[in-house]
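Subject: Structure for you to look at

Hello,

Here is the structure I said I would pass on. Please open it and keep it beside this message while you read.

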Amino acid sequence: MRSYPRNSPEAAARIVALVLIADGHVCRSEFDALTDLNAPGELGLPADGLPRIVQTLCEDLLMGDPSSSSMLGGVDASALSSLMAEVDEPTLQRRVFRLALAAAHGDRHVADGEALVLDAARRHWGLGGFDLGAHRHVNDARAA
């Protein structure tokens, strides 16, 4: 996986992109939620920058483990920790987490993969006060 400079717009956007793809598909409503919050501007990207980051992230993940049945298949705890470490400025961490949370809620459902990435960010960055369980809508039929 490519690396980006610490606290760069690309490193920050990649965390948001990871949440976007974590459930296996990106919904228009998730991108709309980010557009409403001016996510590219908030992250220091050009207006068309976020889709490019999503694309390069997908390319990197597919190069890492093309046989995986999940986009997150090649992203283990160590890889997540490395990605989170590229964003170490507290204000930027809170901004990224707020945008990632909005993306996850864009389709009114926080999938397991999205929760995994959000929880990793929360733990790695020491962000308290966020209970992901309170924000999740679990489909009981799927969980059974």
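Asn7 is partly exposed, with a relative accessible area of 27%. Asn7 sits in the segment that comes before helix H1 (9-21). The phi of Asn7 is near 65°, which is a positive value in a residue other than glycine. Please keep in mind that this is a predicted model.

Arg108 has a positive phi of about 65° as well, although Arg108 is not a glycine. Where is Arg108 found? Arg108 lies in the loop between helix H6 (90-105) and helix H7 (112-125). With 67% relative accessibility, Arg108 counts as exposed, because the cut-off for exposed is over 50%.

The chain as a whole

The chain has nine helices and zero strands. Read from the N terminus on, the order of the elements is α-α-α-α-α-α-α-α-α. Of the 144 residues in the chain, 42% are buried. The chain exposes about 7,400 Å², and carbon and sulfur atoms supply 51% of that area. If you take the contacts between residues at least 6 apart in sequence, 76% of them join residues at least 24 apart.

H6 and H7

The two helices on either side of the Arg108 loop are H6 and H7. H6 and H7 pack at an angle of about 165°, and their axes are 11 Å apart. H6 is therefore roughly antiparallel to H7, since angles over 145 degrees count as roughly antiparallel. The crossing of H6 past H7 is left-handed.

Which residues of H6 and H7 meet? On the H6 side they are Gln93, Val96, Phe97, Ala100, Leu101 and Ala104. On the H7 side they are Glu114, Leu118, Ala121, Arg122 and Trp125. By class, this contact of H6 with H7 has eight nonpolar, one polar and two charged residues.

H1 and H7

H7 also packs with H1, at an angle of about 150° and with the axes 7 Å apart. H1 and H7 are therefore roughly antiparallel to each other. H1 passes H7 in a left-handed crossing. From H1, the residues Ile15, Leu18 and Val19 take part, and they meet Glu114, Val117, Leu118 and Trp125 in H7. The residues of this contact of H1 with H7 divide into six nonpolar, no polar and one charged.

Glu114

Glu114 is listed in the contact of H6 with H7 and also in the contact of H1 with H7. Is Glu114 buried or exposed? Glu114 is buried, with a relative accessible area of 0%, because buried means under 20%. Glu114 belongs to helix H7. Leaving out residues up to four places away in sequence, Glu114 touches Val19, Ala22, Asp23, Glu30, Ala104 and His109.

H2 and H6

Glu30, one of the residues that Glu114 touches, is in H2. The axes of helix H2 (residues 28-36) and H6 come within 7 Å and cross at roughly 145°. H2 passes H6 in a right-handed crossing. In this contact, Glu30, Ala33 and Leu34 in H2 meet Leu99, Ala102, Ala103 and Ala104 in H6. By class, the contact of H2 with H6 has six nonpolar, no polar and one charged residues.

Two pairs of residues

Arg98 is placed in helix H6. With 38% relative accessibility, Arg98 counts as partly exposed. How far apart are the C-alpha atoms of Arg98 and Leu37? They are separated by 9.8 Å, and the two residues are 61 residues apart along the chain. Setting aside neighbours within four places in sequence, Arg98 is in contact with Leu37 and Glu42.

The other pair is Leu62 and Met1, which are 61 residues apart along the chain, with their C-alpha atoms separated by 9.7 Å. Leu62 is in helix H4 (residues 49-64). At 47% relative accessibility, Leu62 counts as partly exposed.

Regards

Key. Residues numbered from 1 in each chain as written. Predicted model: local features only at pLDDT ≥ 70, side-chain atom pairs only at ≥ 80, totals over all residues. Heavy atoms only, no water. Helix = DSSP H or I, 4+ residues; strand = E, 2+ residues; numbered from the N terminus. Buried < 20%, exposed > 50% of the residue type's maximum accessible area, 1.4 Å probe, protein only. Contact = heavy atoms within 4.5 Å. Areas by Shrake-Rupley, 256 points an atom, 1.4 Å probe, with all protein chains shown as cover. Axes fitted to C-alpha atoms, helices over the stretch in contact; angles between N-to-C directions. Parallel < 35°, antiparallel > 145°, perpendicular 65-115°, else oblique. Left-handed = near helix turned anticlockwise from the far one by under 90°. Nonpolar A, V, L, I, M, F, W, Y, C, P; charged D, E, K, R; others polar.
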